[in-house]
Amino acid sequence: MSNPFSKKQFLDLVKKYISGKTNPEEEDFLHNYYDYFENKTDGLSDLSKTELMEMKDQMKNSIWSATALTNPVIGKKGLVFFITQNIKKTVSAAAIFIGIITVSVLWVLSKQQATKSDNTQQLAKQHNSNIKIQPGTDKAILTISDGRIITLDSAGNGIVATQSNTVISNNNNQLVYCNDKKIDLNSIPLFNTISTPMGGQYQVLLSDGTKVWLNASSSLSFPVNFYGGERKVELTGEAYFEVAKNKASPFIVKVRDMDVKVLGTHFNIMSYTDEDRIATTLLEGSVSVSKGANSRMMVPGQQLRYYNKGVVEMKSNVDVEQVVAWKNGKFHFDEADIKTIMRQLGRWYNIDVVYEGKAPETLFGGIIGKKENINQLLKIFELTGRVHFKIEGTKITIKK
Amino acid sequence: MFVCPDYSAYSDIDLLNMIADDNEKAFEEIYERYWHVLLNNANKRLQDKSRGMDVIQNVFIDLWDRRKQVKIEYLKAYLLQATRFQVYKYIEKSKGNSQFLELVDSVLTTSFSADSPVLDKELYQLFADWIQALPAKRNKMFLLYLNNNLSTKLIAQQLEIPRKTVQNQLGIMLKDLKIRILNSLIFILLLNQQL
């Protein structure tokens, strides 16, 4: 048989292939033809490592300029990284650490001792039939500056999105921002917002290393990357902050018209609008709180209260464990009236609270786990004999 | 204490999701992971360093350009396919002026005369199977053409159909047969290569 297949025919076939018009057999042929060369040498193995790396960088440059991407730092990798690291080292060396000892307060149940009785069991049985009210869980909603809305919970692990080369991932019950330390300082900061519903809580690790615990029915707006200068975030509701130390770049939490300015420290801010105050509690380090022209420095163990009525009060030696009990999975009440208690429970169990007549004036104290069934929890209060509850669906009525 | 993972710790799927969000760092990681294996793959065919580099650049530029549309399940397989496509694109553009076409000249055109009983048997079997699989009318047409060496005019008269139809159908059949034969030839060559 004479030449059954010429170069020209082959090239025609290739042309067909490029324009996507080949049939499966023709495609198979070209794929097989290609595979035939798999065992050939590639002519690269006799190149030196330097030559190979030069080829790699040359290709990279062409790709990056063709795609109009930011030029990769070829051969000088990590330059920017080192500079920022040096700054960080200096900062942490100069930073002051103040540790404080916290004392846990033992559980005191009202003024009366409860005694077990048949009454209790009956009460428990009656309340157990109600399963509509569940304790809160780790959940939140993330709003990204490009408009995307992402539901977060402990089940949806993995990478959520990336913005400005910062990878946002969901890591159990924590949202994590990781940047590549090669951020463009001239970029416009992008803001994300994480919000917890009633009955939700979440943690965020910001790209500067600051860790934030967000309580129920709260929200935090923050930049994806911090570009030097001030690190500004905005809070509603309640959060506990462990701010990563950076003396060159103060961290500011804006709460309504109040600013809490810190360089690296641990503190809690409670600013629920249904409470009568904004309370800032310092556990470690130092912060300065300013509201209008007023500015105050705080030391560990202090709590600064701005009452909605306009009164300011600085309390020293507060029980900080009690203040941050919520982030450690507990309710911790200390001489709290029933209304204060029910507001906290309401946010976590997502319940409606109604008072029948005047609310009891008894003050309660104690520690209860946040995973507790609502019926068990209310039962403990009822045992004091000073308060009674009626549960209908998600509505709880309080009687003397 | 949580430590942010290095990009090399992310999976291909993660990186693909990230480049869809315009993450340049993720794109750089993909380049770091695959430039060598792809350059290697292209160079086996092109045997020319600078042409190989051109091809690989196009593979990556194309990936970035289509990062938002393309659905990729296996990145490595995708990139290898893209490399193959870009190699063929290059072959087409350079009008066959490449070592890659040597095989067409040296092997495919001469293999038919090669004294290989295995090859003969394989090809005969393929041919027989192919004829058998033809629909009755086409089968008859092809046998008239092959065994009786009739012209298309005579075949048309015998089958009582227009001559144009015979010409068209025979053309299609021969083309199909050719590609099948080539395919199995390549296949046999591949097998022999591995022995």
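**Entry 1: Asp21(B)**

I began with the contacts of Asp21(B): leaving out residues up to four places away in sequence, Asp21(B) touches Ala161(A), Thr162(A) and Gln163(A). I note here that the model is predicted.

I then placed Asp21(B) in its chain and found it in the loop between α1 and α2 of chain B. Is Asp21(B) buried or exposed? I counted 22 other C-beta atoms within 10 Å, and a residue is buried at 20 or more, so Asp21(B) is buried. I also looked up Lys68(B), which is 47 residues from Asp21(B) in sequence, while their C-alpha atoms are 7.9 Å apart in space.

**Entry 2: the helices on either side of that loop**

For α1(B), residues 12-20, and α2(B), the axes come within 8 Å and cross at roughly 140 degrees. An angle over 145 degrees would count as roughly antiparallel; α1(B) and α2(B) are therefore oblique to each other. I recorded their crossing as left-handed.

Which residues make the contact? From α1(B) I listed Leu15(B), Met18(B) and Ile19(B). From α2(B) I listed Ala26(B), Phe27(B), Glu29(B) and Ile30(B).

**Entry 3: helix α3 of chain A**

I turned to α3(A), which has 18 residues, 49-66. At 1.5 Å a residue α3(A) should span 26 Å, and I found its end C-alpha atoms 26 Å apart, which agrees.

I looked up which residues of α3(A) are buried and wrote down Met55(A), Met59(A), Lys60(A), Ile63(A) and Trp64(A). They cover an arc of only 160 degrees around the axis, so they sit on the same side of α3(A). I set the general rule beside this: an α-helix has 3.6 residues a turn, so residues three or four places apart point the same way.

On the other side of α3(A), I found Thr50(A), Glu51(A), Glu54(A) and Ser65(A) exposed. What covers the buried residues of α3(A)? I found that the cover includes two helices of chain B, α2 (24-46) and α3 (49-65).

Just after α3(A) I stopped at Ala68(A), which takes a positive phi of about 55 degrees.

**Entry 4: chain A overall**

Of its 400 residues, 34% count as buried. I also checked the contacts in chain A between residues at least 6 apart in sequence: 52% of them join residues at least 24 apart.

Technical notes. Residues numbered from 1 in each chain as written. Chains lettered and ligands numbered in written order. Predicted model: local features only at pLDDT ≥ 70, side-chain atom pairs only at ≥ 80, totals over all residues. Helix = DSSP H or I, 4+ residues; strand = E, 2+ residues; numbered from the N terminus. Expected span 1.5 Å × (residues − 1). Buried ≥ 20, exposed ≤ 12 C-beta atoms within 10 Å, placed from the backbone. Arc of directions from axis to C-beta. Contact = placed C-beta atoms within 7 Å. Axes fitted to C-alpha atoms, helices over the stretch in contact; angles between N-to-C directions. Parallel < 35°, antiparallel > 145°, perpendicular 65-115°, else oblique. Left-handed = near helix turned anticlockwise from the far one by under 90°.
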